[in-house]
Amino acid sequence: MTTTTARVRTREAGTGRLPAAWRLGFHRGALEIKQFFRLRDQVVFTFAFPIVFLFLFASIFSDDVTGAGVTASQLYVPAMMAAGIMTTSFQSLGISIAIERDEKVLRRLRGTPMPPAAYFIGKIWLVLVTGFLETVILLLVGITFYGVELPSDAVKWLHFGWIFLLGLTACALLGIAISSVPKTGKSATSVVVLPFLVLQFISGVYISIDTIPDWMLNISAVFPLKWMCQGLRGVFLPESAQVLEQAGSWEFGRIALVLGAWCVGGLLLCLLTFRWKTRRDG
């Protein structure tokens, strides 16, 4: 990163000042994306995990859902898309930042002239690219194998856009915040994956929303994943499928409110909890 910063500073030498944080963040993001795709096993695991689970669950549960006008397989497609977004943001950042902190990468970056905001902008670029690719791949699988249809209504595409951006932002901020919880990089996977796995079961990813007890749904309603699943079902499934929802409707207004609140809350958590050094380093 120091080399990248030096190159940008050379190009900006005529101005007599450091480039803006967003410009450095863009270069940092390009570096993050390049490093991500160089690790082939990481790329395969990140993109294949929700696809494999989609194939498994959609193959096991493929019958028509009574009164909903969809098959169980079609229900899994938007749910897995939501889980894929959270995988590439919350899980990815929560683990990778904890490891970088433990390996003193963050401490070294903090000692460079790079504005702290540029580091986080770079991470957002990474999750934006990987989250978008994951979503496109899962959507293509759903269209090709499970009869999911693309919306013909521009309003639904608008819904998809803000659900994707708000959901990705909220989950990314929560991933940055939870990265401060693990005591070491080695424990990061266990600390981050466990709550994410529980949320997938109670938010309608692996189990149909109409079969989950109300008290579990009420717990899941506190977090973004349940609303991302519901919103994406509203975008890619017919109106008849909304009878399966807890409220009997898609509730796009409430989805926007909850995801927007988590964006604000996640930012506050990051500001309050993020550390550049481990607890051992003080």
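Is Cys-270 buried or exposed? I started my notebook there, and the answer is that Cys-270 is buried, with a relative accessible area of 10%. A reminder to myself before going on: this is a predicted model.

**Cysteines**

I next looked for disulfides and found zero in the structure. A disulfide would need the two sulfur atoms within 2.5 Å. Cys-270 is in no disulfide either, and its nearest cysteine sulfur, in Cys-263, is 11 Å away. I also checked the burial of Cys-229, which counts as buried at 0% relative accessibility.

**What the record says**

I turned to UniProt, where an unreviewed entry places the feature "domain: ABC transmembrane type-2" at residues 41-277. In the model, that span is 72% helix and 2% strand, and its end C-alpha atoms lie 28 Å apart.

The unreviewed entry in UniProt also lists "transmembrane region" at residues 43-62, 74-99, 120-148, 160-179, 191-209 and 255-274. I looked up two of these spans in the model. Residues 191-209 are 63% helix and 0% strand, with end C-alpha atoms 26 Å apart. Residues 255-274 come out at 95% helix and 0% strand, and here the end C-alpha atoms lie 27 Å apart.

**The nonpolar cores**

Which residues have the most contacts inside the largest nonpolar core? I noted Leu-54, Met-81, Phe-90, Tyr-119, Leu-225, Leu-232 and Phe-236, in a core of 77 residues. The elements giving two or more residues to this core include helix H3 (40-60), helix H6 (116-146), helix H7 (154-178) and helix H10 (224-236). H4 gives the most, with 16 residues.

Leaving aside residues up to four places away in sequence, Leu-232 touches Pro-78, Met-81, Ala-82, Ile-85, Phe-160 and Ile-163. I also came across a second, separate core of five residues, among them Ile-33, Phe-36, Val-43 and Phe-47.

**Aromatic rings**

How many aromatic pairs does a search of the whole structure find? I got 28. One aromatic cluster is formed by Phe-45, Phe-49, Phe-53, Phe-57, Phe-61, Tyr-76, Phe-201 and Tyr-206.

Two charged side chains over rings went into my notes as well. Arg-101 lies over the face of Phe-274, at 5.1 Å from the ring centre. Lys-226 lies over the face of Trp-227, at 3.9 Å from the ring centre.

**Backbone angles in two loops**

Where is Lys-104 found? I located Lys-104 in the loop between H4 and H5. Its phi is positive, about 65°, although the residue is not a glycine. Lys-104 counts as partly exposed, at 31% relative accessibility.

Glu-251 was my last stop, in the loop between H10 and H11. Glu-251 is another residue other than glycine with a positive phi, near 55°. Is Glu-251 buried or exposed? At 19% relative accessibility, Glu-251 counts as buried, because the cut-off for buried is under 20%.

Definitions and conventions. Residues are numbered from 1 along each chain as its sequence is written. This is a predicted model: local features need pLDDT of at least 70, side-chain atom pairs count only at pLDDT 80 or more; totals for chains, interfaces and linings use all residues. Side-chain values use heavy atoms; hydrogens and water are left out. Buried means under 20% relative accessible area, exposed over 50%, partly exposed in between (1.4 Å probe, protein chains only). Rings of Phe, Tyr and Trp (its six-membered ring) pair if their centres lie within 6.5 Å; planes under 30 degrees apart count as stacked, over 60 as edge-to-face and the rest as tilted. A charge sits over a ring if NZ of Lys or CZ of Arg is within 6 Å of the ring centre and within 35 degrees of the ring normal. UniProt positions are given in the numbering used here, feature names are shortened, and annotations may be inferred rather than shown by experiment. Helices (H or I, at least four residues) and strands (E, at least two) are DSSP runs, numbered from the N terminus. A nonpolar core is a set of buried Ala, Val, Leu, Ile, Met, Phe, Trp, Tyr and Cys residues joined through side-chain atoms within 4.5 Å. Contact means heavy atoms within 4.5 Å.
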